[in-house]
Amino acid sequence: MAIKSAIVDGKHGMTMEQFKIWIKTLDVDKNGKISKDELSDAVRGNGGWFAGWKGKRGIRSADSNGDGVIDESEIDMLAAFAQKHLGIKII
């Protein structure tokens with residue numbers, strides 16, 4: 001899948017719309033929000049190191065309302081974190 005290669009190697013890009021679609025696939029419990037564990041599992045599943053730490057830091061960076069999860073209104077901030085710290089290239 002093109003999205004996976006964009007996440008792993010940082011050389012390929014995805015659009016913001018593709019990023020949002022990919023993020024929605026991480027929502028394992030289908031509550032419309034991304035938890036630290038769901039984000040950590042995504043980092044781990046794509047071969048990333050320090051998945052727990054990156055998941056926690058990603059939530060902390062993007063969670064503007066302090067509820068401990070990422071919802072639709074916080075996706076842009078998660079995208080900024082992903083580009084800076086996870087090697088994701090959003091074009």
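Which helices do the buried residues of H3 pack against? Here are a few friendly notes on that and related points.

1. This is a predicted model, in which local features need pLDDT of at least 70 and side-chain atom pairs count only at pLDDT 80 or more, while totals for chains, interfaces and linings use all residues. Residues are numbered from 1 along each chain as its sequence is written, and side-chain values use heavy atoms, with hydrogens and water left out.

2. The buried residues of H3 pack against H2, H4 and H5. They are Glu38, Leu39, Ser40, Ala42 and Val43, where buried means under 20% relative accessible area with a 1.4 Å probe, protein chains only. Helices are DSSP runs of H or I, at least four residues, numbered from the N terminus. After H3 comes glycine 47, with a positive phi near 85°.

3. Beyond its neighbours within four places in sequence, leucine 26 is in contact (heavy atoms within 4.5 Å) with Ile34, Glu38, Leu39 and Ala42.

4. Glutamate 74 deserves a look: this residue of the loop between H4 and H5 is buried yet has no salt bridge, meaning a side-chain nitrogen of Lys or Arg within 4 Å of a carboxyl oxygen of Asp or Glu. The nearest side chain of opposite charge, lysine 33, is 8.2 Å away.

Definitions and conventions: Helix = DSSP H or I, 4+ residues; strand = E, 2+ residues; numbered from the N terminus. Buried < 20%, exposed > 50% of the residue type's maximum accessible area, 1.4 Å probe, protein only. Lys, Arg positive; Asp, Glu negative; His and termini not counted.
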